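Hi,

Here is the model I promised to pass on. Have a look at it first, and then read my notes below.

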Amino acid sequence: MSNYKIAGKSGGPVVEVADLIKTYVSGEETISVLKGINLKIFAGEMVAIMGPSGSGKSTLLFILGIFLAPTSGVYKVCGVDVFNLSRPQQAAFRRERMGFVFQSCDLLENSTVYENLELPLIYAGVRRRERPHRIKEALQRVSLEHRIQQPSNRLSGGERQRVAIARALVNQPEFILADEPTGQLDRENSQRVMDYFAKIADEAHTAMAVVTHDATTADRCTRICMLQDGFLVGDTTPIPREDQSQDL
Ligand SMILES: Nc1ncnc2c1ncn2[C@@H]1O[C@H](COP(=O)(O)OP(=O)(O)OP(=O)(O)O)[C@@H](O)[C@H]1O
Ligand SMILES: [Mg+2]
């Protein structure tokens, strides 16, 4: 096993954002989107990020996913200053220690559930022998073991989103980022997806950031933060918990 869950073990935050600023420059115009974001997320916490359209939610999520560099500020994941890494190191870090769930779950259509989950393992260099076990474990977390050989285009919308969650989980990430994970689901399936997120945060001690417009989804998170006029307000700082330094 690699250095999985180091942050959880040391009791430090998995995610630490300090004075993060993002300014877009296009032609003559500069747009200050993020004006000084501060945020900490500990293992096992699920933080909702809300805010009106254009407030910078996607911008923040792209930065947290190391897809977009901030103009200034500090961003650490498990103590690693990720914007100080080289591009290949950033890609490896993202592959091995982060998981992503998007609104449209972009599964490989003509492939089975197994193959969809195997891909991130191949990219992360996980040995062939170890893959079936990891894939089954991730599917169990979303109660879809029985669909393992199903082609993904024969799944329901709710099942597809659960496969997308399993795919985000399969590399046992410390940090999961979700962008409107319930955006295309009905109420019942949204509830279910959030049930699984809560279970994963709790049992696998994964830190999660969930961008959502939906108040019901946000209410299922452990904390709610709002992006307003370039600042993140609300519950941006966790209440330290006794068990945060516990081993798995
Ligand atoms: N590449 C870019 N260049 C210039 N401006 C940009 C760029 N990307 C986003 N913006 C601007 O930054 C602001 C925040 O955009 P962002 O997409 O982060 O908002 P959002 O909160 O995700 O909105 P929505 O809820 O509609 O998805 C907007 O005013 C947008 O026009
Ligand atoms: Mg957006």
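Before the notes, one definition: two residues are in contact if their C-beta atoms, placed from the backbone, lie within 7 Å. Helices and strands are DSSP runs (H or I of at least four residues for helices, E of at least two for strands), numbered from the N terminus. Please keep in mind that this is a predicted model, where local features need pLDDT of at least 70, side-chain atom pairs count only at pLDDT 80 or more, and totals for chains, interfaces and linings use all residues. Residues are numbered from 1 along each chain as its sequence is written, while chains are lettered from A and ligands numbered from 1 in the order in which they are written.

Helix H7 first. I call a residue buried if 20 or more other C-beta atoms lie within 10 Å of its own, exposed if 12 or fewer, and partly exposed in between, with C-beta atoms placed from the backbone. In H7 the buried ones are Ser-190, Val-193, Met-194, Tyr-196, Phe-197, Ile-200 and Ala-201. They cover an arc of only 155° around the axis, so they sit on the same side of H7; the arc is that of the directions from the helix axis to the C-beta atoms. In general, an α-helix has 3.6 residues a turn, so residues three or four places apart point the same way. On the other side of H7, Arg-187, Glu-188, Asp-202 and Glu-203 are exposed.

What do the buried residues of H7 pack against? Their partners are strands E3 (46-50) and E8 (207-211), along with helices H5 (131-141), H6 (157-169) and H8 (215-219). After H7 comes His-205, with a positive phi near 55°.

Now the core. A nonpolar core here is a set of buried Ala, Val, Leu, Ile, Met, Phe, Trp, Tyr and Cys residues joined through C-beta atoms within 7 Å. The largest one has 64 residues, and Val-14, Val-47, Ile-49, Ile-165, Ala-166, Met-208 and Val-210 are those with the most contacts inside it. Leaving out residues up to four places away in sequence, Ala-166 touches Leu-117, Ala-138, Leu-139, Arg-141, Val-142 and Leu-144. Leu-117 is also one of the buried residues of helix H4 (residues 113-123), and the cover over the buried residues of H4 includes helix H3 (87-97), H5 and H6.

On to ligand 1. A residue counts as near it if its C-beta atom, placed from the backbone, lies within 6 Å. Those surrounding ligand 1 include Tyr-24, Ile-31, Gly-51, Lys-57, Ser-58 and Thr-59. H2 gives the most to this shell, with three residues, and strands E1 (15-26) and E2 (29-41) each supply at least two.

Finally, some backbone points. Asp-19, in strand E1, has a positive phi near 50° without being a glycine; with 13 other C-beta atoms within 10 Å, Asp-19 is partly exposed. Gln-172, in the loop between H6 and strand E7 (175-179), also has a positive phi, of about 50°. Glu-28 lies in the loop between E1 and E2 and counts as exposed, with 5 C-beta neighbours inside 10 Å.

Cheers
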